[in-house]
Amino acid sequence: MTERKKSASNFAKAGFRNSVFDNENVIMQGFMTKESTGFFKRWQKRWFILSANYLKYYEKMPESDADKINVKGAINLQTLESVEMTNAKTNEFTVKALKHSPSSTPITKIKASSADEAQKWIDAISNASAPIRESMSKG
């Protein structure tokens, strides 16, 4: 690979990394549990941060901006297909996104502390993704 291609590739990676890890305005944040993606499904407590472009989750609450690079996963709201309550009794909702690669997870199951809290997250995620989906459908 030529030096020019390497620097362009590194620039693209840095751009993606910065877009996920930048200090966007936080719309909502808090602890919820997420179903694992492994063969043996289990529920794991995670710290979630919803911003204008991503729903990100962390193993623990980031204590500084430097900690925010330790993201466990992120759902790009541009790829959001739906977010809906799947079990009000267990406060579970599902976030469905387009699958972009074999390693990406198109369905993420999340449980909030209450049905009201789950509904707040659903509404916030839907509202945050609406302008993105609207601008993509125009363009």
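**A friendly note on rings and strands**

1. Let's start with the aromatic side chains: Phe-48, Tyr-57 and Trp-121 are linked into a cluster by ring pairs. Please keep in mind as you look around that this is a predicted model.

2. How many aromatic pairs does a search of the whole structure find? The search turns up four. A pair of aromatic rings is described by the distance of the centres and the angle of the planes. One of the pairs is made by Phe-39 and Phe-40, and this pair is edge-to-face, with 4.9 Å from centre to centre and 85 degrees between the planes. Phe-39 is exposed, at a relative accessible area of 73%, and Phe-40 also counts as exposed, at 68%.

3. Now turn to Phe-48 and Tyr-57. Their ring centres lie 5.5 Å apart and their planes meet at 40 degrees, so this pair is tilted. Are these two residues buried or exposed? Phe-48 is buried, with a relative accessible area of 0%. Tyr-57 is buried as well, at 14%, because buried means under 20% relative accessible area.

4. The charged end of Lys-45 sits over the ring of Phe-31, at 4.6 Å from the ring centre. In a second example, Lys-111 places its charged end over the ring of Trp-43, 4.3 Å from the centre.

5. Next, step back to the whole chain. The protein has two helices and seven strands, and from the N terminus the elements run α-β-β-β-β-β-β-β-α.

6. The seven strands form an open sheet with antiparallel pairing, in the order 4-3-2-1-7-6-5. Which strands stand at the edges? They are strand 4 (73-76) and strand 5 (80-87); each has a single partner strand, so one side of each is left without a neighbour in the sheet. From one strand to the next, the twist averages 30 degrees.

7. For a look inside the sheet, take strand 1 (residues 26-35) and strand 7 (residues 107-111), which pair in the antiparallel sense over two bridges. Here Lys-34 stands opposite Ile-110 of strand 7.

8. Finally, some totals. Of the protein's 139 residues, 33% count as buried. The protein exposes about 9,000 Å², and carbon and sulfur atoms supply 51% of that area. Among contacts with a separation of 6 or more, 42% are between residues 24 or more positions apart.

Notes:
Residues are numbered from 1 along each chain as its sequence is written. This is a predicted model: local features need pLDDT of at least 70, side-chain atom pairs count only at pLDDT 80 or more; totals for chains, interfaces and linings use all residues. Side-chain values use heavy atoms; hydrogens and water are left out. Helices (H or I, at least four residues) and strands (E, at least two) are DSSP runs, numbered from the N terminus. Buried means under 20% relative accessible area, exposed over 50%, partly exposed in between (1.4 Å probe, protein chains only). Contact means heavy atoms within 4.5 Å. Accessible areas come from the Shrake-Rupley method with a 1.4 Å probe; for residues, only the protein chains shown count as cover. Rings of Phe, Tyr and Trp (its six-membered ring) pair if their centres lie within 6.5 Å; planes under 30 degrees apart count as stacked, over 60 as edge-to-face and the rest as tilted. A charge sits over a ring if NZ of Lys or CZ of Arg is within 6 Å of the ring centre and within 35 degrees of the ring normal. Two strands pair if DSSP finds at least two bridges between them. Axes are lines fitted to C-alpha atoms, for helices over the stretch in contact, and angles run from 0 to 180 degrees between N-to-C directions.
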